[in-house]
Amino acid sequence: MRKKILQAILLAVAVTGLALGGPLVYTTVLLVENTVRTQQQETASRIADQIDDQYARGSTLDLEAVRPAVPRQGYLKVVDQNGNIHSLGTPISGGTVTSSANTVPRGSVELSISDDNMRSSQLSEGGLVMLLLVLSVSIGTVVATLTARRLAEPLQRVAERATRLGDGDFRPDPRRHGVQELDALASALDASAAALAQLITRERELVGDVSHQLRSRLTALQLRLEALAMHPEQETAAEAGAALEQADRLAEVLDELLAAARAARALGAEALDLATELPGIVEEWRQRLRADGRVLRMKVPDTLVVRATPARLREAIGVLLDNALQHGGGTVTVSARISEGTAVIEVTDNGSGVPDELAGHIFERGVSGHGSTGVGLALARALVDADGGRMQLATARPATFVIFLPVPKPDDVLAGVGWRADPGPR
C-alpha cells in the first residue's frame with residue numbers, strides 16, 4: 001500500500017517537474033540572450049549618436065573618440081556618409097552577437113562581440129534553474145515518502161487490528177490516527193470486537209449450561225433405569241436394561257460432540273513457548289502499570305511449551321493484567337511453571353483482593369464490584385476454555401488468577417529448567 005501511494009505521489013511530482021522545468025529552462029535561456037542583445041543594441045545606438053555629434057560639429061570621423069564605448073574584444077565597423085568603411089578592433093571568428101544602428105544623413109554602425117560569454121551565462125543560468133528543479137523534486141520526494149508513510153501506517157495498523165480480531169483478540173485499541181475515515185473504521189472495529197466478545201461469552205455460557213443440564217438429566221435417567229433393571233419382573237427388567245444401554249450410548253455421543261466442539265474451537269491452537277510469548281505480553285502492559293506508578297514482574301522457565309492460540313492467550317492474560325491495573329494494587333507478578341504435565345500461568349497483585357461476596361461469581365457475566373461491565377473475566381475464561389485449558393481464582397487475598405494450559409508433548413517439558421526472571425524496572 002505504501003509503495004503504491006509513494007509511486008502515485010512521485011509520478012505527480014515528476015510530471016509537474018517536467019511540465020514546469022522544461023519551459024522554465026528554455027525561457028531562462030531566451031531571457032539571457034535577449035538581455036545580451038538588448039544591451040548590445042543600446043551600445044551600438046550610443047556609438048551612432050557620438051558619430052552623429054562629430055558630423056554635426058563638422059569634424060572628421062574619429063573612431064578613437066568612441067573606443068571607450070566599444071566592449072572589450074569587440075569589433076566595430078562604421079560606414080561613413082561617403083560610403084567609406086572604417087573599423088576598430090579585430091574581426092571575430094566563430095559565433096558573434098551583432099547589432100547595428102544608422103547615422104545621419106547616411107551611414108551605419110555595426111558592433112559585434114563573441115557569443116562565448118552569452119553561451120556561458122545561458123549555461124550557468126539554465127543549470128541553476130535545473131538545480132532548483134532537482135532540489136524541488138527531491139523535496140517533493142521526501143514529502144511524498146513522509147505522506148505515504150503517514151497514510152500507509154494507519155492503514156497497516158487497522159489491517160493488523162482486523163487480523164487480530166479474526167484471531168480472537170477482542171481487546172479495544174484506543175489509538176487513533178488523525179484521519180477521520182480511519183478513525184471511524186477503528187471505532188467500528190472496536191464496536192465489533194465488543195459485540196463479538198459478548199457473543200462468544202454467551203455462546204460459551206449456553207454450551208456450558210446446555211451440557212450441564214443434559215448431563216444432569218441423563219444421569220438421573222440412568223439412575224432410574226438402573227433401578228428398573230433390577231425389577232423382579234423379567235420383561236420389565238429387560239426393557240429397562242435396553243433403555244439403559246441406549247442412555248449410555250447417548251452419554252457417549254454427548255461426550256463425543258462436546259469433545260468435537262472443543263477441538264473445533266481450538267483449531268487455531270499451536271505450540272507456543274511461553275519464554276518467548278510472555279515477555280511480549282508483559283512488556284505491552286508494563287508501560288501502562290508504570291504510568292500508574294506500579295511495577296510488573298515476570299518469572300518464566302527458559303523452556304515451557306504450551307498448546308494455545310496466540311491471540312486468545314494474549315487476550316486472556318491481557319484481561320487479567322487489566323483487572324490487576326484497574327482493581328488491584330502494588331506490584332503485579334506474572335509467573336509460569338509446569339505442574340503434573342500441565343502449564344500453569346499465575347497473575348497476582350498486592351491489592352486488597354476480591355471481595356468475599358464476589359469470589360464465587362467472579363467469572364459470571366455481568367458480575368463486577370467496581371462499576372465495570374463484568375464481561376472481561378467471563379470472556380477470558382471462555383477463551384482459555386476454547387483452547388482446552390481452564391481459568392480459576394486461586395486465592396481471593398491477594399488476588400491470584402491461574403490459567404491451566406495443556407502442553408503438546410508432556411515428555412518434552414523440562415521440569416528442572418533454569419528460570420528466566422524479569423524483576424521489572426528498579
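Which residue forms a salt bridge with arginine 249, and how far apart are the closest N and O atoms? The partner is glutamate 245, and the gap between those closest atoms is 2.8 Å. Salt bridge here stands for a side-chain nitrogen of Lys or Arg within 4 Å of a carboxyl oxygen of Asp or Glu.

Before going on, a word on what you're looking at. This is a predicted model, where local features need pLDDT of at least 70 and side-chain atom pairs count only at pLDDT 80 or more, while totals for chains, interfaces and linings use all residues. Residues are numbered from 1 along each chain as its sequence is written, and side-chain values use heavy atoms, with hydrogens and water left out.

## The overall picture

The protein has eight helices and 12 strands. Those labels come from DSSP runs, numbered from the N terminus: H or I with at least four residues for helices, E with at least two for strands. Of its 426 residues, 36% count as buried. Buried means under 20% relative accessible area, exposed means over 50%, and partly exposed is in between, using a 1.4 Å probe and protein chains only. If you take the contacts with a separation of 6 or more, 67% of them come from residues 24 or more positions apart; a contact means heavy atoms within 4.5 Å.

## Salt bridges

Back to the opening pair. Arginine 249 and glutamate 245 both sit in helix H4 (residues 234-265), four residues apart, or about one turn of the helix. Arginine 249 is partly exposed at 44% relative accessible area, and glutamate 245 is partly exposed too, at 39%.

A search of the whole structure turns up 10 salt bridges. Here are three of them, with their N to O distances.

| Glutamate 245 | Arginine 249 | 2.8 Å |

## Two helices side by side

H5 (residues 274-291) and H6 (residues 310-327) pack at an angle of about 35°, their axes 10 Å apart. The axes are lines fitted to C-alpha atoms, for helices over the stretch in contact, and angles run from 0 to 180 degrees between N-to-C directions. On the H5 side, the residues that meet H6 include Leu278, Ile281 and Trp285. Among those they meet in H6 are Leu313, Ile317 and Leu321. By class, this contact has 10 nonpolar, one polar and four charged residues. For that count, Ala, Val, Leu, Ile, Met, Phe, Trp, Tyr, Cys and Pro are nonpolar, Asp, Glu, Lys and Arg are charged, and the others, Gly among them, are polar.

## Strands and sheets

Strand S5 (residues 270-273) and S7 run antiparallel, joined by four bridges. Two strands count as paired if DSSP finds at least two bridges between them. Leucine 272 stands opposite valine 306 in S7. In S7 (residues 305-308), Val306 and Ala308 make up the covered face, with Val305 and Arg307 on the uncovered one. In a regular strand the side chains alternate between the two faces of the sheet.

Elsewhere, four strands form an open sheet in the order S2-S1-S4-S3, with antiparallel pairing. Strand S2 (85-88) and strand S3 (96-102) stand at the edges with a single partner strand each, so one side of each has no neighbour in the sheet. From one strand to the next, the twist averages 15°. Strand S1 (residues 75-79) pairs with S2 over four bridges, and leucine 76 stands opposite leucine 88 in S2.

Is aspartate 115 buried or exposed? Aspartate 115 is buried, with a relative accessible area of 12%. This residue lies in the loop between strand S4 (108-114) and H2. Leaving out residues up to four places away in sequence, aspartate 115 touches Gly95, Thr96 and Val97.

Helix H2 (residues 116-166) also holds arginine 149, which is partly exposed at 37% relative accessibility. The C-alpha atoms of arginine 149 and lysine 3 are 9.2 Å apart, although 146 residues separate the two along the chain.
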